Amino acid sequence: MGTSFKNRIIALCVGLVLLTAVASLASFWWSTSQFNERKVQQDIQTAQNVYQQYLSAKERLLVTAATVLTQDFGFKQAVATRDAPTIESVLFNHSQRIDADLMLLLDVRGQLISANQAEIELAEDLRPLLRELLNHTEQSAFVSLDKQLYQAIILPVKAPRTIAFAIVGFAVDKEVAGQLRELTGMEMSFIGHGEQIKASSLRLPESHDLFAYLHEQKITRWLSEFPVYINAEVALPALSSSPVSLVLSADMTKDYQAFDQLVLSIILSSCLTMLFGFVASGFLARNLATPLQQLTVMARRFALGDYEATVHESRPTKEICQLVDAFHEMGDDIQAREKQIRYQASHDGLTRFYNRAAAMEKLTRLLQDGRVYYLLVVDIKGLRHINDKLGPRVGDSCIQAVAQRIEQIGASFEGLNARLGGDEFLTVLAAKEDSSMEGCVSGFLSALNQPYQVQKLEINLRFSVGVVHYPEQADDPEDLVRRALIAADNAAQQGNNSVYFYQTGEDEAYLERLLIIDELKAALQSDDGQLFMTYQPKLNMHSQQVDKVESLIRWQRRSGEWVSPEFFIDLAEQSGLIVELTQWVLKTVVAQVANWVEQGITMKAAINVSAQDIADPDFVPHLEAMLDRYQISPSLITIELTERDMIENEEKGIAALKVLKEIGVHISLDDYGVGQTSLGRLKMLPIDELKLDKVFILKLAETHQDQCIVRSTISLGHQLGFSVVAEGVEDKASLELLKEMGCDYAQGYYLSKPLKAELLTQWLGQYHEAG
């Protein structure tokens, strides 16, 4: 389950404050660090400038002192005469006067003539020192003599040629380092070759490396260690053999403390800000969440159908008011749509009558008043033809006109009207004391049969009406409607009789038909032997050989009861199973023909099909697939269909027959002579064979009229290029007459009844043996 809106607002506000604080702290940390780093670098640069000025001042003082010394005439004369006491006196006095720590006088060979320090220890050979210092003429250099660092300068003593060199210098010691620290604010350390400390303002342990000491100095802050000193090393002018550097060390302790205090101040202010943000966001969230919670309650009450719910808020915002108004508008819209949906769910969209489901519910309540009712199921005859000829819009207008007429008629009967589907209506009429059921229904039908004005057309409609009496013939709505539908179906099958009154027991027969349909479907799916094929021989009248059979389906139920083929085939056509049944027949017959071919028997088989089969787009592909599967020539298969099947869908039928002809299948017109096929239509049909109906053959030897009809039909068929088959041959005399008339094939019980495949094979053997 998700977090609440209130908690989200608080989390958002506090999160924003926290994010701002963290970002501010990070920005401050980064900018301050950058500032401190730049400040340290600036301080180091300033310190370098200061010590440079300090050293320059010392250097100028040295140059002045050395120049005065070397230009002194008495000193030059003393040097020239090697007057040692005078030289020592001059050097000592001059060093005292300028406060110089080092004064040396060397001859041109680098030998020491005199020094102001009697105890100083110098190298025996000072020529390297002399040469190095001469490279820095009139410039000071840092030299290390007797473990002491000096800033010294060398000048020649000329009289007039160079007779000696004077070296003047100041000692660089801890005191000097301390003075520089006071001037720069940084620790100063002078180091010589090998990082030996010459002088430093730092208090270092004895024999301790400077850089190691500086790196060891750490301060702990924010759970991490940071260096105390930031260092910069600057090379000083010195002898190449003894380089000297100045190390400037900036102490960061105070900077760290100031920085940490600022950070703590920012953290404290951020915490206070977050606390304030938490309180403020909680107040804001409560003001926003409370109306939303009420809106949630309002939506739940809407879901329960209470569209009068509202929000109780003392000071609602403009947006909340708009949202509440939108909720109320939504509730009104939902109410309107619910009303429309409920109406559409219970009424037919075309006629505004109750639909079947709503009608059953209304009928249940209607029958509880204890009155007598007549239930009529009204079926419009020929509506499909109206749709085909005049278009579906006219058909729909007819349905609407019939519904209006039914509503007008039934207005005085206090019943109800419903549309069960397509062209079927249910009308419930309350019985009247002064009229019988027959009279009531007759008056209803008389008014219903009056002409209709539909889209400026006057159309006469006819109806099939099934009638059930309540409560005599049923007291349950489902039973009443089912029995009324059965009666309407019987009325439609009786032709001119438009009304049929339900008879007791017909419902059981109807349920039995439904059971048979279910069992037929199961038998097709399981193919367990309940359905099987029989084959009736057809005698070739010219060769006296049996080279054709008619395939006839048979069904014996699991109970052992036989079901008439006419009965279950008719049910299959009504229930839509005929296509599946025909596909099973095609597969079985083609497989049997293939089996006969393997036995050396070439036998043509005729298969009866219906109008639904011909209209099925899968009929021809399925037949081709079976022929290809069993490797059977199409000429061994004959498709038989009746005149009625051709007339029912002539255009599709002729197209399908042409396709069958193209693949090599033979076509036979069954039951010829009892249908409505004209000679003009007959010549249009792509058929190979005419099959005379058995009504002309059963008593052919006894009836002259039948003989004339058969003879003329055989002659007509031959002239049109058809072969002629006579079915229903029951005696030898009829067979002889057919042979005399030139009939091509004959079949009937005189030759053989329909036989299973294995019995037919035995029968063929016996027939050929008997000749």
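Strand S26, helix H23 (residues 732-741) and strand S27 make a right-handed β-α-β unit; right-handed here means that, with the strands pointing away from the viewer, the path from the first strand over the helix to the second runs clockwise. Helices (H or I, at least four residues) and strands (E, at least two) are DSSP runs, numbered from the N terminus. This is a predicted model, where local features need pLDDT of at least 70 and side-chain atom pairs count only at pLDDT 80 or more, while totals for chains, interfaces and linings use all residues. Residues are numbered from 1 along each chain as its sequence is written, and side-chain values use heavy atoms, with hydrogens and water left out.

Back to S26. S26 and S27 (residues 745-747) pair in the parallel sense over three bridges; two strands count as paired if DSSP finds at least two bridges between them. Ala726 has Ala746 as its bridge partner in S27. S26 also pairs with strand S25 (residues 689-692), again running parallel, this time through four bridges, and Glu689 sits opposite Ser723 of S26. S26 (residues 723-727) is mostly covered, with four of its five residues buried, that is, under 20% relative accessible area with a 1.4 Å probe, protein chains only.

Now move to another sheet. Five strands form an open sheet with mixed pairing, in the order S13-S14-S12-S17-S18. At its edges are S13 (416-421) and S18 (499-501), each pairing on one side only. From one strand to the next, the twist averages 20°; axes are lines fitted to C-alpha atoms, for helices over the stretch in contact, and angles run from 0 to 180 degrees between N-to-C directions. S12 (residues 373-380) and S17 (residues 463-470) run antiparallel, joined by eight bridges, and Tyr374 stands opposite His469 in S17.

Two helices pack on this sheet. Helix H9 (residues 356-366) touches S12, S13 and S14 (424-430), its direction making about 145° with that of S13; contact means heavy atoms within 4.5 Å. Helix H13 (residues 477-493) touches S12, S13, S14, S17 and S18, and makes about 145° with the direction of S17.

Last stop: the largest cavity. A cavity is a set of points on a 1 Å grid over the protein atoms alone where a 1.4 Å probe fits but cannot get out, and lining residues have an atom within 4 Å of a point. The lining includes Tyr54, Lys58, Phe170 and Phe190. Helix H1 (5-71) and strand S5 (162-172) each supply at least two of the lining residues.

Definitions and conventions. Buried < 20%, exposed > 50% of the residue type's maximum accessible area, 1.4 Å probe, protein only. 1 Å grid on protein atoms, 1.4 Å probe; cavity = no way out; pocket = protein on both sides within 12 Å on 5 of 7 lines; lining within 4 Å.
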